[in-house]
Amino acid sequence: MCGIIGIAGKTQAVPVLLDGLEKLEYRGYDSAGVAVITDDGTLRVEKCKGRIAVLREKTDEGAPITGTTGIGHTRWATHGEPSDINAHPQMGQEGIVAVVHNGIIENYRELKQSLERSGRVFQSETDTEVVAQLMEYYYDMYHDLMDAVYAMLSRIRGSYALGILSSDAPGQIIAAKKDAPLLIGYGEGENFIASDVTALLSHTRTVSYLDDDEVAVITPESVRIYDAGRLPVTKEKHAVEWDVSSAEKGGYAHFMLKEIMEQPDAVRRTFSPRLQDSRIEFEELAGVPDLIKNISRIYLVGCGSAYHVGVVGKYMMEKLLRIPAEAVLGSEFRYCDPIVGPDTLVIVISQSGETLDSMAALREAKRRGATVLAVVNVIGSSIAREADIVIYTWAGPEIAVATTKAYSTQLVLLSMLTVYFAEKLGKISSEDYGRYVNDLSELPGKMETTLGNIGNIQKTASLSFNHDSVFFIGRNLDYALGLEGSLKLKEISYIHSESYAAGELKHGTISLMEPGVLVVTLATCSSLIEKTWSNMVEVTTRGADVLALTTEDNVSRFSEEASAILPVPSTNELLQMNLNIIPLQLFAYYVALNRGCDIDKPRNLAKSVTVE
Ligand code: F6R
């Protein structure tokens with residue numbers, strides 16, 4: 001999704017903006033641009049369709065554009081096709097105001113028509129140009145920029161993170177936010193705005209998060225923040241602990257591969273601080289020790305991979321806690337009139353903490369009186385801030401669009417929560433509790449062993465990359481895992497792929513089984529292995545090719561029918577999916593590599609989906 005960076009400083013702005021935009025590339029974008037207030041006091045905008053590299057070339061790396069205050073943007077098209085004209089920054093027709101914007105102005109059509117009636121001429125198809133034109137309209141009226149900002153904000157509806165420059169206010173950026181993330185970075189003689197902390201890491205680690213309806217005025221020496229009523233606001237400053245290297249590739253060909261390989265460490269970071277003397281302790285839940293005792297229904301809400309974690313969580317929680325648990329898509333939750341009340345726990349799962357549908361579900365759940373517990377990776381993100389309780393995954397920055405290490409850390413956190421709650425309810429024996437804690441401590445080692453099989457997976461992928469259609473089948477937790485394996489494959493390799501509960505295939509989809517189709521059979525849930533084996537035979541009988549993922553001790557069962565086997569070590573069933581996902585991620589990665597795909601930035605996808 002779109003990204004914003006802005007600097008009010010003393011050095012040349014454009015090189016800083018270009019570097020910052022590159023850090024935001026992972027979010028997915030189709031055009032990019034910068035605007036600076038030049039030394040002669042005019043606004044200069046450079047923008048183009050395509051990659052930052054094109055913008056670099058167009059601006060000659062920014063060197064000839066002198067000016068120390070500027071804003072930059074990566075755009076992921078919503079209103080208007082990706083093009084030079086629709087790229088941000090957008091300017092008002094008088095050239096006094098330039099704007100970058102993340103989000104959607106919902107009433108832009110009516111505003112545009114009304115501005116056109118007053119003689120304003122629009123250049124682009126974007127909703128953002130309305131903001132720039134409206135600013136100039138009110139600036140002409142009030143001759144005061146802040147009056148114009150507040151008047152403009154009172155007219156627009158929708159979501160926005162805005163960075164605004166005016167040639168009449170050199171050395172100053174105005175920022176405003178509603179339902180889209182925006183943060184302020186504090187430097188020495190320079191201050192920043194950004195939609196995402198990764199854009200700022202090489203300049204500062206001290207940040208504040210703007211809240212909805214706040215407006216900030218940023219200069220090299222000062223940051224002033226005001227609320228909706230124009231009263232000054234004092235913001236807390238936060239230290240960001242992520243380091244720069246974790247946002248760089250560190251010798252790997254792709255961020256995705258780096259992040260797959262980082263998973264043992266990421267998972268260790270998630271659980272070790274929460275294991276004390278062989279007990280699971282959640283500091284975050286210390287204030288609500290009896291939370292689970294008052295809960296009679298659990299919803300696990302997320303989008304995409306985070307939803308898939310929710311499906312795993314549903315199986316684990318229902319089995320151990322004996323409380324009805326349902327995984328619901330963030331985009332559906334608020335529209336299905338969910339049965340939610342004070343005895344409901346809604347667990348919102350999100351890497352970015354900014355996914356609009358998950359955020360909307362959170363708000364709906366709170367409105368209906370539920371307790372909302374968020375499992376989030378990005379510290380200080382919107383979902384983290386609005387939830388009643390936030391438990392961070394501490395996976396570190398995830399840059400590749402396709403999630404890997406965030407997914408793994410969410411999985412492990414949900415298994416820990418399940419065991420923690422089960423113990424509170426007296427529904428787990430001390431032997432099973434002890435076994436889980438022991439298996440959890442051994443998990444990173446077993447993940448490393450699984451990663452060590454990379455050569456075999458690479459070879460398997462090189463034999464399978466030209467299938468047009470791939471199905472994933474499994475039962476129970478293996479089914480939940482198949483959802484993620486299938487998504488990983490389709491999103492980065494563009495191969496058509498579906499995931500089914502193994503027993504469901506014969507209710508229709510088996511008609512698609514024929515030579516040339518690949519079926520990835522997931523068979524690690526020990527009590528269901530035989531049943532899944534039978535489903536595998538049903539598809540091989542129809543000529544489909546089978547790749548089997550099973551535990552090391554079950555390899556021989558599958559060796560006759562499967563054309564290739566991906567073995568994984570066995571572990572506690574609550575942690576088994578953390579091992580199983582590794583070969584599926586690597587398989588997707590190498591298939592995509594063989595097909596020459598843009599792995600870290602798959603077409604049409606964005607890292608953080610902040611539109612509905
Ligand atoms: C897939 C992927 C997406 C995200 C989804 C939710 O690899 O990354 O499906 O899982 O967009 O994003 P978050 O977790 O940021 O809410």
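Tyr-407, Ser-408, Leu-411 and Val-412 of helix 12 meet Met-577, Asn-578, Ile-581 and Gln-585 of helix 18. A contact here means heavy atoms within 4.5 Å. Five of the residues in this contact are nonpolar, three are polar and none is charged. Ala, Val, Leu, Ile, Met, Phe, Trp, Tyr, Cys and Pro count as nonpolar, Asp, Glu, Lys and Arg as charged, and the others, Gly among them, as polar.

The model is predicted, local features need pLDDT of at least 70, side-chain atom pairs count only at pLDDT 80 or more, and totals for chains, interfaces and linings use all residues. Residues are numbered from 1 along each chain as its sequence is written, and side-chain values use heavy atoms, with hydrogens and water left out.

Helix 12 spans residues 405-424 and helix 18 spans residues 576-594. Helices (H or I, at least four residues) and strands (E, at least two) are DSSP runs, numbered from the N terminus. The axes of helix 12 and helix 18 come within 10 Å and cross at roughly 165°. Axes are lines fitted to C-alpha atoms, for helices over the stretch in contact, and angles run from 0 to 180 degrees between N-to-C directions. Helix 12 and helix 18 are therefore roughly antiparallel to each other. Angles under 35 degrees count as roughly parallel, over 145 as roughly antiparallel, 65 to 115 as roughly perpendicular and the rest as oblique. The crossing of helix 12 past helix 18 is right-handed. A crossing is right-handed if the near helix is turned clockwise from the far one by less than a right angle, and left-handed if anticlockwise.

A second pair is formed by helix 8 (residues 305-321) and helix 15 (residues 477-493). Their axes come within 8 Å and cross at roughly 175°. Helix 8 and helix 15 are therefore roughly antiparallel. On helix 8, the contact residues are Ser-305, His-308, Val-311, Val-312, Tyr-315 and Met-316. On helix 15, they are Leu-477, Tyr-479, Ala-480, Leu-483, Glu-484, Leu-487 and Lys-488. By class, the contact of helix 8 with helix 15 has nine nonpolar, two polar and two charged residues.

Ser-305 belongs to helix 8. Ser-305 counts as buried because its relative accessibility is 7%. Buried means under 20% relative accessible area, exposed over 50%, and partly exposed in between (1.4 Å probe, protein chains only). Not counting residues up to four places away in sequence, Ser-305 touches Thr-403, Tyr-407, Glu-484, Leu-487 and Lys-488. Leu-487 lies in helix 15. With the same exclusion of residues up to four places away, Leu-487 touches Gly-304, Ser-305 and His-308.

Helix 4 (residues 128-142) and helix 5 (residues 145-155) pack at about 130°, with their axes 8 Å apart. That angle makes helix 4 oblique to helix 5. The contact is made by Val-131, Leu-134, Met-135, Tyr-138, Tyr-139 and Tyr-142 of helix 4 and Leu-145, Asp-147, Ala-148, Val-149, Ala-151, Met-152 and Arg-155 of helix 5. It holds 11 nonpolar, no polar and two charged residues.

Helix 10 (residues 356-367) is mostly covered, with nine of its 12 residues buried. Among the buried residues are Leu-356, Asp-357 and Glu-364. The cover includes strand 18 (297-302), helix 9 (330-333), strand 20 (344-350), strand 21 (371-376) and helix 11 (382-386). Helix 10 is followed by Gly-369, whose phi is positive, near 95°.

How values were computed
The expected span of a helix is 1.5 Å times one less than its number of residues.
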